[in-house]
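Have the viewer open while you read.

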Amino acid sequence: MSAMTPALQNSSVFYRRVLSRFPRDISLAFAYGSAVFRQTGGQMEKSMLDFVFAVDDPVTWHTMNLMENRKHYSFLRYLGPKHISSIQTDCGAAVYFNTLVPAEERVIKYGVISTDALIEDLLHWKTLYVAGRLHKPVRILLQSEHAKLRAALVGNLKSAVIASFLMLPESFSEEDLFLQIAGLSYSGDFRMVIGEDKSKVSNIVKENMPHFRKLYNSILQECPQVVYKPQQGRLEVDKSPEGQFTQLMALPRSLQQQITRLVERPGKNRDVEEILLQVAQDPDCGSVVQQGISSIVKSSSITQSAKGIATAGLVKTVAYSAKKLQKMWRGWRRRPS
């Protein structure tokens, strides 16, 4: 087969070809990251392509995938589909990754998550691992008519907006908002200390403002908490204690629980509403929300990365880590002195 033209590399034909290599039973498939959406200083055509597949029945899906793509798996393939599925579901962020997989003259990484676990993360931010990726523009390749999943995808974007409002001043620009949103899932991620390009968040936003606007425009237009002026690219949000309380009450459940853990003194047994009312009146309300998000992300990024060593195997883990460090080094060298 002749080498693909760059245009085809990023076209729907290319993505359809990649998807055709996998079992059909997928409720949501999306591609994300620097190989899909341009980032400042990024090399799109050389980057590894990242995918996530949500599947209704992980055991059946891995059974079929082991038959079709056995070489994608590390030594864990010898344990069989049931064990692979329980490693996926019970450890880390409920995602199973196969990495450094050759496909259509590119190298890809794909994560498998159950549809139920994805909905749980989108609605409640249990790990923010996949939900956080979906705060940023992604390329949806396939989506089934799953009403609960569709509603959860929109709910996740609304939560990202509300959480960001709480961490921003009364008046701010669209870019400020999108930087805040894009940074949510990196807050507390230990990989941002070693292995990830530190300027990653601004790289993502600066090159993709139109994509962010498209993703969030209708939510911002309909949100009663904000005055949105798209022509000026400015927003104003209600920072009164009442406004902040309404926003805190609308946050995902796991984040509310983290906030109450941070604020509540031992021995007191107040309900969530009472604690959030106190936080709403605190001048440091935004930093409490930030700490709550960091604690969710920190925990899931560490456990998922530890799991990644087993699912990738040692050789691939070393190769993948080296690529990440190289990317970080390039980002560091690009920075003005």
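A word on the ground rules. This is a predicted model, where local features need pLDDT of at least 70, side-chain atom pairs count only at pLDDT 80 or more, and totals for chains, interfaces and linings use all residues. Residues are numbered from 1 along each chain as its sequence is written, and side-chain values use heavy atoms, with hydrogens and water left out.

**The cores**

Let's start inside. A nonpolar core here is a set of buried Ala, Val, Leu, Ile, Met, Phe, Trp, Tyr and Cys residues joined through side-chain atoms within 4.5 Å. "Buried" is under 20% relative accessible area, exposed is over 50%, and partly exposed is in between (1.4 Å probe, protein chains only). The largest such core has 67 residues, and F165, L248, I259 and I293 have the most contacts inside it. Helix α7 (residues 147-167) gives the largest share, 11 residues; helices (H or I, at least four residues) and strands (E, at least two) are DSSP runs, numbered from the N terminus. Domain 1 (8-146) and domain 2 (151-294) both contribute residues, so this core lies between them. Those domain bounds come from an automatic or database domain assignment.

Leaving aside residues up to four places away in sequence, F165 touches F172, L177, L220, C223, Q225, V226, V237, K239 and Q247, where contact means heavy atoms within 4.5 Å.

**A three-stranded sheet**

Now for an open sheet of three strands, ordered β6-β8-β7 with antiparallel pairing. Strands pair if DSSP finds at least two bridges between them. β6 (171-173) and β7 (226-229) are the edge strands, each pairing on one side only. β6 and β8 (residues 234-237) pair over three bridges, and F172 has L235 in β8 as its bridge partner. Helix α8 (residues 174-183) lies across β6, β7 and β8, at about 85° to β6. For that angle, axes are lines fitted to C-alpha atoms, for helices over the stretch in contact, and angles run from 0 to 180 degrees between N-to-C directions.

**Aromatic pairs**

The structure holds 15 aromatic pairs. Rings of Phe, Tyr and Trp (its six-membered ring) pair if their centres lie within 6.5 Å; planes under 30 degrees apart count as stacked, over 60 as edge-to-face and the rest as tilted. Here are two of them:

| Pair | Centre to centre | Angle of planes | Type |
|---|---|---|---|
| F14 and Y15 | 5.4 Å | 65° | edge-to-face |
| F22 and Y110 | 4.6 Å | 65° | edge-to-face |

F22 sits in the loop between α2 (12-19) and β1 (28-32), and Y110 in strand β4 (residues 106-114), so their pair ties together parts that are 88 residues apart in sequence. F22 is buried at 3% relative accessibility, and Y110 is buried at 0%. F14 and Y15 are both buried too. Ring pairs link F14, Y15, F22, F51, F53, W61 and Y110 into a cluster.

N69, in the loop between α3 (58-68) and α4 (81-90), touches R21 and F22, again not counting residues up to four places away.

Most residues other than glycine have a negative phi. L100, in strand β3 (residues 95-103), has a positive phi of about 50°. L128, in the loop between α5 (115-124) and α6 (129-133), has a positive phi of about 60°.
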